[in-house]
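Welcome! Let's take a friendly tour of one protein model and the ligand it holds.

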Amino acid sequence: MSSNGEPNPFEVQDSIPIIDYSLLTSGSAADHSKAVQDIGKACQDWGCFMLVNHGVPESLIQEVMDASDKFFNMANEEKLQFQTHGVLDPIRNGRGCNAVKQYKDRLWREFLRLIVHPDFNCPGKPQGLSEAASDYVKRARVVATELMKGLSESLGFEASYMNDELNLDEGFHLLAINNYPPHLDLDVDISPGVMPHTDHGLITLLYENGVPGLEVMHDGKWVVMGGAPNAFFIIISDQLEIFSNGKYMSKLHKSVVKDERTRVSLVITSGSSLDTAVGPSSRLVDGEERLPRYLPMKYSEYLDFQVKNMQAGKLAIQEIQIRT
Ligand code: OGA
Ligand code: NI
């Protein structure tokens, strides 16, 4: 803002971009192109944005959160069967998951992590969780599909290009429900959270229950994401960086919760089919001036690769880069 309160067009806007989903999907042709352009700019400048007017009912989101709360409150014996470690285990429950020593006991939360597409998996208990989560995933998948079209167009392709190239009809989606306990004793240096990382899919759709905690690395500083109620936080992930050959960079993020309320986040990672080898789009490289900057890797292998790198304190996306 300038001193008279009017927005100053020459001032750098340094806040997380907001994209209006309704303009992308049901606006006029001009609204749609503007939304596509804004998405491209958000991806290049920030690697994340907040998506408003997405049409997923708040009541449905609340149902998922309420049912998941019942799950987390179940006796540990009932959850033991899900306490496994395989990246492709259909249902996983656990705490922490911060493989790096520095963070091991410092940042923790309880999570329920489900493979929800192409097949949907969910514990049968508590009652209502599976139905609510399944409805939620269907609604969120529509949003992800429309965003993929917009992202495709923003890269200069036809809307269906990413869908076809990456076999998104069979796309691999995980739903992680994270429950961060209240951080009551602010003097104690153990706060609920997740260590800095990038996500493995194309994009992540994250919804939080109004308690802040997600931070993204921007221009060398951690910035708290939030400020648009009921928005999805969209985070650009590794596959989109690889496919766009580095035009859109995967966003480093973490969560640190210092709040006397419980924080819940619903995190959907949306990626290619598991058997797709994701590499730079052939339309963005030519072997002469525009060289591929990443090695292609099958998504199922990348998931393992990411875990191994995380345990070694490295980021998979950096390790897959072709060094020149
Ligand atoms: C994740 C993640 C952050 C959050 O689950 O990948 O980044 O806010 N979660 O819960
Ligand atoms: Ni993440």
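Here is a short briefing, grouped by topic.

This is a predicted model, in which local features need pLDDT of at least 70 and side-chain atom pairs count only at pLDDT 80 or more, while totals for chains, interfaces and linings use all residues. Residues are numbered from 1 along each chain as its sequence is written, chains are lettered from A and ligands numbered from 1 in the order in which they are written, and side-chain values use heavy atoms, leaving out hydrogens and water.

**Around ligand 1**

- The shell around ligand 1 consists of N178, Y180, H197, D199, L206, L214, H253, S255, R263, S265 and V267; a residue belongs if one of its heavy atoms lies within 4 Å.
- Those shell residues divide into four nonpolar, five polar and two charged (nonpolar: Ala, Val, Leu, Ile, Met, Phe, Trp, Tyr, Cys and Pro; charged: Asp, Glu, Lys and Arg; polar: the others, Gly among them).
- Oxygen atoms of ligand 1 lie 2.6 Å from a polar side-chain atom of Y180, 3.1 Å from an N or O atom in the side chain of H197 and 2.9 Å from one in the side chain of R263.
- Taken alone, ligand 1 exposes 290 Å², and the protein buries 93% of that (areas by the Shrake-Rupley method with a 1.4 Å probe).
- Strand 6 (173–180), strand 12 (253–256) and strand 13 (263–270) each give two or more residues to this shell; the largest share, three residues, comes from strand 13.
- Helices (H or I, at least four residues) and strands (E, at least two) are DSSP runs, numbered from the N terminus.

**Helix 2**

- Helix 2 covers residues 29–45 and reaches 24 Å from its first C-alpha to its last, close to the 24 Å expected (1.5 Å times one less than its number of residues).
- Its buried residues are A35, V36, I39, G40, A42 and C43 (buried: under 20% relative accessible area; exposed: over 50%; partly exposed: in between; 1.4 Å probe, protein chains only).
- Seen down the axis, these buried residues fall within an arc of 165 degrees, so they line one face of helix 2 (the arc is that of the directions from the helix axis to the C-beta atoms).
- The face turned away carries the exposed residues A30, Q37 and K41.

**Loops worth a look**

- The peptide bond from H117 to P118 is cis, with omega near 5 degrees, and P118 sits in the loop between strand 5 (110–117) and helix 5 (129–154).
- D219 has a positive phi, near 50 degrees, without being a glycine, and is exposed at 65% relative accessibility.

Note on methods: Polar contact = N/O pair within 3.5 Å; in protein donor to acceptor, adjacent residues only side chain to side chain.
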